Amino acid sequence: MEQSVCLHKRSCAGYSYGDHYSPLASQWYKLEDKNGINVGRGELMLAIWFGTQADDVFPDAWHSDAAIVSGECLLNTRSKVYLSPRLWYLRVNIIQAQDLVPAGNRNRKPEVYVKAILGDVILRTKVSPDKNVNPKWNEDLMFVVAEPFGDPLILSVEDKLGKNMVECLGRCVIRLSQVDQRLLPVPAAPKWYNLEKIVLEDGRRKELNFFSKLNMRITLDGGYHVFDEYIHYVSDYRPTAKKLWTAMIGVLELGIISASSLQPMKLRDGRETTDAYCVAKYGPKWVKTRTIVDSFAPKWNEQYTWEVYDPFTVLTIGVFDDCHLHGGVVVGGGKDPSIGKVRIRLSTLSTDKIYTYSYPLLVLKPNGLKKMGEIQLAVRFTCSSFLKLFLAYTINPLFPKMHHIYPLSIYHLDSLRQQATRILCLRLSRSEPPLRREVVEYILDGGSQMWSLRKAKANFERLLATLKCFLDAWKWFDEIRRWKNPTVTILVISIYCIAVLKPDLILPTLILYCLQVGICRWRNRPRHPTHIDVKLSLAISTTADELDEEFDTFPSSRQSDVLRMRYDRLRSIAGRVVTVIGDFATKAERFHSLLNWQDPRITAVFLTSCLVGSFLLYYVNLKVFLIVGGFYWMRHPAFGNDILNAPQNFMSRLPTKADYML
């Protein structure tokens with residue numbers, strides 16, 4: 001009855017169906033008892049219609065599957081669109097201080113540094129090399145801040161007194177609303193800020209103004225893109241300042257249809273169940289579908305759109321189990337566990353084509369890889385201007401110009417990304433319904449910077465697979481020069497002679513060869529958007545100990561003997577890496593040894609060869625040298641086949657700095 005009365009009120013208010021704003025026809029219905037018999041008295045006026053996601057009242061509609069949800073938690077089951085706050089890089093360039101007043105012995109050389117506090121983030125400079133009252137630093141400290149600006153920037157100049165004791169020589173508080181915004185790569189003008197010192201007088205805090213000053217450049221850098229995602233899965237490359245945005249190139253449409261064969265995630269009333277919902281992120285826009293209660297095959301049938309500014313971006317969709325649907329009773333450890341994640345790179349999609357595909361939901365857990373079910377998605381990338389799309393691939397840089405003019409180090413980017421993740425977790429968790437911290441961190445790959453032996457092995461195998469084409473080419477050429485197939489060797493020698501005599505044919509031939517390879521591979525092109533490859537990720541062949549190490553907390557919570565074993569294993573791997581790096585350094589140093597007279601005989605031979613070679617190349621045509629050298633290199637084994645030729649023997653005897661290593 002309560003739900004029916006609610007429907008009657010909506011009909012009287014004239015709510016719309018779809019996009020058409022017209023009053024709905026209401027109708028009187030007779031009341032019946034539970035046996036379906038007309039009670040003979042009383043009627044109820046209702047307006048009933050079937051709506052879609054385009055209906056105005058869809059976000060507020062009650063769904064039949066949510067009937068078991070307690071009233072105060074019903075809001076958690078509804079769909080919602082979230083927008084990330086606009087993030088800025090706050091750059092604090094600390095130049096110098098002036099007229100500091102250290103306490104205590106005046107003959108002591110102060111060890112002064114600057115500490116900056118913004119919210120819960122604390123950064124500090126190095127101790128100034130100038131041990132006086134006018135220290136200099138010229139050091140940058142960078143923060144991530146979000147609009148609207150709330151917390152002020154607090155800077156304090158501190159002196160290290162020893163024995164873990166410090167003294168504050170002065171501080172200043174700066175409101176971010178008063179900080180200049182820098183959009184162009186032009187250095188801001190430095191400003192002097194007065195320092196204040198807080199003392200206790202009669203038990204009260206009192207600020208004293210004195211003549212110490214701090215010289216700084218403080219700017220909000222709007223020319224950077226603030227990374228909140230792992231750099232390989234970025235969904236947006238636009239800078240913070242809207243004035244620097246490029247034109248939109250298209251629209252991304254996502255249809256979250258359904259899921260199937262989901263695994264049970266928790267127990268409710270003694271039986272296994274799952275309350276699934278989806279979260280999708282692209283750019284600053286997050287979407288959350290409604291929660292389908294108590295279903296292993298939920299159907300959402302919701303559609304969302306995003307504006308696209310660059311095709312080399314990634315759409316991320318995650319599936320989660322809602323553990324906050326029954327008031328104070330929180331199951332599943334108090335967090336919404338992940339059921340799986342899907343990433344779709346837009347550049348792999350054909351324009352104006354609808355991709356409807358069921359993606360497996362894979363989760364790597366401490367006990368191994370597990371398939372949690374499948375999710376069916378419909379994706380379409382519509383391009384509004386092929387000219388803008390062409391410019392995005394050719395002329396427009398991927399990163400904003402500020403990243404190229406004043407690049408940030410990998411360490412800086414990783415530290416700033418962690419700050420951005422914390423800000424987004426805090427802001428989105430305050431929304432109604434909240435987007436919880438564990439959900440945001442899972443979508444943003446918050447733990448991607450942690451050590452994983454599985455990922456290290458997978459990346460090494462990726463590197464070997466990339467270099468495999470060069471290794472295969474060298475093996476093929478070695479078979480040619482050894483005359484394994486005389487017909488092919490003669491053909492290669494003929495082509496080599498033509499290339500030497502007609503060098504203008506080399507580039508066109510290579511380009512046509514690339515064209516032929518691309519045309520031949522078109523038949524085997526991917527038919528579906530790319531997805532996670534468990535073999536490439538080594539998710540199946542990973543041992544239990546390696547998975548336990550990957551899911552370990554930071555700092556570690558394991559026993560000392562386990563940590564000792566893993567440390568020894570890491571030392572062994574690092575030792576082999578160091579050996580390989582040393583081999584590369586040795587080979588590179590041999591080229592430098594040709595001219596440094598470390599081995600006087602080798603340098604003398606090399607200089608004599610250079611003198612003779614310069615005269616020969618001046619009087620003899622270069623093509624003759626190339627043809628003679630090619631015939632010698634690919635000569636028949638009957639004419640001799642040295643294991644190492646003269647240049648290789650010569651290079652292998654060059655001295656290196658390995659002799660100087662301790």
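This is a predicted model: local features need pLDDT of at least 70, side-chain atom pairs count only at pLDDT 80 or more; totals for chains, interfaces and linings use all residues.
Me: Which residue does the side chain of Glu 441 meet in a salt bridge?

Reply: Numbering runs from 1 along each chain as its sequence is written, and side-chain values use heavy atoms, with hydrogens and water left out. A salt bridge here is a side-chain nitrogen of Lys or Arg within 4 Å of a carboxyl oxygen of Asp or Glu. At 3.2 Å, N to O, the partner of Glu 441 is Arg 437.

Me: Thanks! What separates Glu 441 and Arg 437 in helix H5?

Reply: Helices are DSSP runs of H or I, at least four residues, numbered from the N terminus. Because they sit 4 residues apart in helix H5 (residues 437-443), the separation of Glu 441 and Arg 437 is about one helical turn.

Me: Is Arg 566, the salt-bridge partner of Asp 548, buried or exposed?

Reply: Asp 548 and Arg 566 have their closest N and O atoms 2.4 Å apart. Buried means under 20% relative accessible area, exposed over 50%, and partly exposed in between (1.4 Å probe, protein chains only). Asp 548 is partly exposed at 24%. With a relative accessible area of 5%, Arg 566 is buried.

Me: Which helices hold Asp 548 and Arg 566?

Reply: The pair ties together parts 18 residues apart in sequence. Asp 548 lies in helix H9 (residues 544-550), and Arg 566 in helix H10 (residues 560-592).

Notes. Helices (H or I, at least four residues) and strands (E, at least two) are DSSP runs, numbered from the N terminus.
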